[in-house]
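User: I would like to go through a structure with you. Could you take my questions as they come?

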Amino acid sequence: MASALPAEVHWLFWDMDPAALDVDADETTILARILEQGRMVDVHWALATYGEDRIHRFFRDVGHPELRPPTIA
């Protein structure tokens, strides 16, 4: 079963259907948007959902064109 994105972060996905995003399948898209444009409460949700190891792996191995250098640093 797909894990739904919580309504509290839907505002970050104004250009797509946030209800159609799956927390696991769309991890890269979700992390990029939250880490680049989210509030601290949104980042805390990402940390609780994905954990530090997955977020570190995202920065190290995946990356995303939406991320700016200050966010990566």
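User: What pattern does the protein follow, read along the sequence?

Analyst: The pattern is α-α-α, with 3 helices and 0 strands. Helices (H or I, at least four residues) and strands (E, at least two) are DSSP runs, numbered from the N terminus. This is a predicted model, in which local features need pLDDT of at least 70, side-chain atom pairs count only at pLDDT 80 or more, and totals for chains, interfaces and linings use all residues. Residues are numbered from 1 along each chain as its sequence is written, and side-chain values use heavy atoms, leaving out hydrogens and water.

User: Why is helix α1 largely enclosed?

Analyst: Helix α1 (residues 27-37) is largely enclosed by the rest of the structure because 8 of its 11 residues are buried. Buried means under 20% relative accessible area, exposed over 50%, partly exposed in between (1.4 Å probe, protein chains only).

User: Which residues of α1 are buried, and what covers them?

Analyst: The buried residues are Glu27, Ile30, Leu31, Ala32, Arg33, Ile34, Leu35 and Glu36. Their cover includes α2 (40-62) and α3 (69-72).

User: Changing topic, how many aromatic pairs does the structure hold?

Analyst: It holds 2 aromatic pairs. One of them joins Trp45 and Tyr50 edge-to-face, at 6.0 Å centre to centre and 85 degrees between the planes. Rings of Phe, Tyr and Trp (its six-membered ring) pair if their centres lie within 6.5 Å; planes under 30 degrees apart count as stacked, over 60 as edge-to-face and the rest as tilted.

User: Is Tyr50 buried or exposed?

Analyst: Tyr50 counts as buried, because its relative accessibility is 5%. Across the protein, 36% of the 73 residues count as buried.

Key: Contact = heavy atoms within 4.5 Å.
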